Amino acid sequence: MAARKKRAERDIDNDVSRAAFVTKLRRLADALESGKRYRLQVAGERISVPPSARLSIEHERDDDGEEIEFQLSWSLDD
């Protein structure tokens, strides 16, 4: 078995239009509902989210405002 190529660490915050966000969110919901892998491109890199990804919703609040993050996380072995 070939060794997995190590990927550089990233922390991207990519603003998108409302229409693009809605389209990606609908595709994600469809993939989750059907148990299929979800694929998308973020800042030029293709990402493949396995159906086994852990799902969470995070809420943050401070003096400047609030934030909600819908998070998907998975092991590189998935």
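Modeller: Arg61 and Glu66 form a salt bridge, and their closest N and O atoms are 3.5 Å apart. The term stands for a side-chain nitrogen of Lys or Arg within 4 Å of a carboxyl oxygen of Asp or Glu. Both partners are exposed: Arg61 has a relative accessible area of 61%, and Glu66 has 56%. For these classes, buried means under 20% relative accessible area, exposed means over 50%, and partly exposed lies in between, with a 1.4 Å probe and protein chains only.

Before we go on, a word about the model itself. It is predicted, so local features need pLDDT of at least 70 and side-chain atom pairs count only at pLDDT 80 or more, while totals for chains, interfaces and linings use all residues. Residues are numbered from 1 along each chain as its sequence is written, and side-chain values use heavy atoms, with hydrogens and water left out.

Helices (H or I, at least four residues) and strands (E, at least two) are DSSP runs, numbered from the N terminus. Is Ile68 buried or exposed? Ile68 is exposed, at a relative accessible area of 56%. Setting aside its neighbours within four places in sequence, Ile68 touches Ile57, Glu58 and His59, where contact means heavy atoms within 4.5 Å. Ser52 is 16 residues from Ile68 along the chain, and 22 Å separate their C-alpha atoms.

Now for the other pair, as the structure holds two salt bridges. Here the side chains of Arg10 and Glu45 meet, with 3.1 Å from N to O. Arg10 belongs to the segment before H1 and Glu45 to strand E2 (residues 45-49), so this pair ties together parts that are 35 residues apart in sequence. Arg10 is partly exposed at 37% relative accessible area, and Glu45 is partly exposed at 22%.

Next comes the helix. H1 runs over residues 18-34, which makes 17 residues, and reaches 24 Å from its first C-alpha to its last, close to the 24 Å expected; that expectation is 1.5 Å times one less than the number of residues. Just after H1, Gly35 takes a positive phi of about 75°. Phe21 is in H1 and counts as partly exposed, at 47% relative accessibility. Together with Val16, Val22 and Leu25, Phe21 forms a nonpolar surface patch of about 320 Å² accessible area. Patches take residues with over 30% relative accessible area and no salt bridge, joining like charges within 9 Å and nonpolar side chains (Val, Leu, Ile, Met, Phe, Trp, Tyr) within 5 Å.

Finally, the whole protein. One helix and four strands follow the pattern α-β-β-β-β along the sequence. The radius of gyration is 15 Å, whereas a compact globule of 78 residues would be near 12 Å; the value is taken over C-alpha atoms, and the globule rule is 2.2 Å times the number of residues to the power 0.38. Of the 78 residues, 10% count as buried. The protein exposes about 7,300 Å², with carbon and sulfur atoms supplying 49% of it; such areas come from the Shrake-Rupley method with a 1.4 Å probe, and for residues only the protein chains shown count as cover.
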